[in-house]
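The sequence and structure come first.

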Amino acid sequence: MKYLSYKIKFLLLIIFLIQNTSSFAQQVILGVVKDTKGLPLPGATVAVRGTSIFTKADSIGQFRLSVSQEPPFFIRATFVGFKPQDFQILRFDKTPVQLTLVDDALLEEIVVTSRRRSEVLQDVPIPISVVGRAQIEESGSFNVTRVKELIPSIQMYTSNPRNTGVNIRGIGSPFGLTNDGLDPGVGYYVDGVYYARPAAATLDFIDIDRIEVLRGPQGTLFGKNTSAGAFNIVTRKASFTPDYSFETSFGNYGYIQTKASVTGPISKKIAARLSFSGTQRNGVVENVRTGKYTNDINNLGFRGQLLYKPSENTFITLAADASDQQPDGYAQVVAGVVPTLRPAYRQFNAIIADLNYTLPSLNAFDRKIDHDTPWNSGNELGGISLNAETKLGPGTLTSTTAWRYWNWDPSNDRDFTGLQALAKSQNPAEHRNWSQEVRYAGQLTEKLSGVVGIFYIDQEVKINGTEESGTAQWRFSQSSTSTLWKTPGLLEGYGIYTNASIKSQSAAAFASIDWEFAKGFHILPGVRINYDNKDVDYNRVARGGLQTTDAALLAIKNGVYSNQSYLASADEKNFTYSLTASYRPGNRLNAFATYSTSFKPVGVNVAGLPTVNGAAATDLAVIRPEDTKHYELGIKSTPADNFTLNLTFHNSDIKDYQTNVQSPQLGVNRGYIANAEKVNVNGLELDATIKANQHFSFNGAAAYTDAKYVRFTNAPLPLEETGLTVGGVQVAFKDISGGQLPGISKWAGSLGGEYNTPTKFFNKEAKFFTAIDGYYRSSFSSSPSPSAYLNIDGYTLLNARIGYKATRGLSAYVWGRNLFNKDYFEQLLPAGGNAGHYAGVLGDPRTYGLTLRYAL
């Protein structure tokens, strides 16, 4: 009995060990790999994603894969000439799995989430352009500035991160200096979180999966009103399958960029993802005064995610990001001198002759400056968000809560010379906001889908600005021949010091549905109810310079800078709607027509007001909202399996268009915002993609845009008309009705092609590829009021890359941007005070480099 007892105990021990080591036992997955026609793919590789475990299919496509981990996990099937495909294993089953791979020669359907649900791009009756992760990475498009070269309907202008405007079809943000009292007309969303500051557009992309650009008003789909369109940016998500990627790039001008991303499970229900990006590049503009090169790049950023999956139907993601730009950069180079209508002694050349000064170069593309004030653009953005999604009935209920910050710490030399005219000119700012969006979206029935939601955002911006005169400011500001202007120290150190804040709240309810009321016929109504409230507190104090009680000297000082303070508030309620009809008889055609209305929220001036009879014109403190009436007609077609062709006509009539006014005759130091009575924008857009065969693919896009002021009677004078008088009376405004809007080329287009062929590197399946992309835009105005001088010539840029890429293992390629080293301007800007000289924001010269990427 004692012996039997030991045997029983030993048997129980064996059973216990087997039970507790079962998770480490080998399990076998049986299956077959085929193509879409059902033919076997002998030699196809089947691997457990994120591991080194793999096998090969036999002569009839069958495989046997031994694994030692518990489901769920992914296996990846690859075969030369076919798209790699992941398949999720939820449980071990004796039934063989069927793995089907799609021929690489077939054009892949693009899935988007722009309407808050996953849909095939060609089925969505909205003009949408999509740029995928591979295209972003391989083309070196590490921020929106470069993505605009891929989508010709986008315009982006940035003289520094704060003064950044992102437009679609030429509308969205007024051209020129940014005024914090205006909301952008183009929405910028990252994983459903609204980014309120346009400075976000200059930051490096971190772990981007794709960018969806929606053109036209989209207020019935997105939380914050988007009167001109929206960027819907989707990042790569945390995954329970381990995945690692590392990338580094080296290029001329000391360019170095490093990216890393790691994801995997922490527990059975929690996964994490951590991503990092760092970019450095030496300056491309020489400061001959200091011997340093400015306009460098110095960016750091990270993004972290925690995914909690309590059930198969619920996903909760906590995400945090932080980005920091600290460049010695955004210097502008004098690009020309315009004769104004001021007296001869107030012309720029006369001023610098009296000060015994000469410019370091008369050619902006010598890339030489002698600025005496450093150019710095400290730009910090970041935040935290909590996103919860749960499948509820036929749709998904989503809640997105976010808090974001922006810190802006600049140093500028806005006289653009080596003279101490404007010794300081900067507007540091701090921005904080939190937002909440709740929406329900999905395929409600077989014929009905839609989205309904509510949104709220609370924002505050605090500004602590400084504009201060140097030793040469008296000569630039001199407005009479009086010798009192030469009084020693009169204006030196004299300036304005601003404390301002703007608080705003916005709330909205929105809904949009897609109803197939008959076979192939869809009607898509949408509505939006919006409320906006803004409060501004502006206080500007003039101080410094020569302390005096002399009335004549005080009059000179007050004519240069003066005190100003005011309180203003505004609120606005509005109702907008859209109605789209579409006909989708099958997968080959989607024809649609849309009529929509949109409001861009009420604005408030938070950078000073014009003076009338020595007092601030407080009636200009509040700016009316833009009222847009928009319609478009479009066709999305797939004439063949490997060919898509889309065409859209659009027209927008905008009442009370919000625009910048900069006029030194009005006592405004940084310009202010006002309303143009009416603007019209119309045009045509073409998008095409061709997959010629297994090796060649091509894509192209073109946009024709005609944008003009239908009526604008109180526009600022162009630079060359500064000083205009009529009957001895100073003129500050001009009727520019019929003139072209700034920043918009009539013609813009992009064209690209890629050749690839299967190959092997280091015994890994890979593809050799070579690609070339071209971008063209015609000439455009760079002045809020049409000018004979501030026009930018059209230009063409050519980019290319060659190398090999692998799904796993090492990828390497050489790239080049602006291969013909084209000299071109991004923007032209008059110097403060309108003395006659203007500066240019220069496009980058030719750059090239090598990128290495390793993925596990």
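## Nonpolar cores

In this predicted model, the largest nonpolar core has 56 residues. A nonpolar core is a set of buried Ala, Val, Leu, Ile, Met, Phe, Trp, Tyr and Cys residues joined through side-chain atoms within 4.5 Å; buried means under 20% relative accessible area, exposed over 50%, and partly exposed in between (1.4 Å probe, protein chains only). Tyr-188, Phe-205, Ile-211, Phe-231, Ile-233, Tyr-657 and Tyr-709 have the most contacts inside this core. Domain 2 (111-235) and domain 3 (243-420 + 428-855) each supply at least three of the core's residues, with bounds from an automatic or database domain assignment.

A second, separate core has 33 residues, including Phe-175, Val-338, Tyr-357 and Leu-828.

## Surroundings of Tyr-657

Neighbours within four places in sequence are left aside here. Tyr-657 is then in contact (heavy atoms within 4.5 Å) with Ile-171, Glu-626, Ala-674, Asn-675, Ala-676, Val-679, Tyr-709 and Leu-741.

## Positive phi values

Most residues other than glycine have a negative phi. Tyr-253 has a positive phi, near 55°, and is placed in the loop between strand S17 (243-251) and strand S18 (255-265). Strands (E, at least two residues) are DSSP runs, numbered from the N terminus. Tyr-253 counts as partly exposed, at 33% relative accessibility.

Asn-295 also has a positive phi, near 65°. Asn-295 lies in the loop between strand S21 (292-294) and strand S22 (297-311), and is buried at 16% relative accessible area.

## Basis

Residues are numbered from 1 along each chain as its sequence is written, and side-chain values use heavy atoms, without hydrogens and water. Local features need pLDDT of at least 70 and side-chain atom pairs count only at pLDDT 80 or more, while totals for chains, interfaces and linings use all residues.

Technical notes
Helix = DSSP H or I, 4+ residues; strand = E, 2+ residues; numbered from the N terminus.
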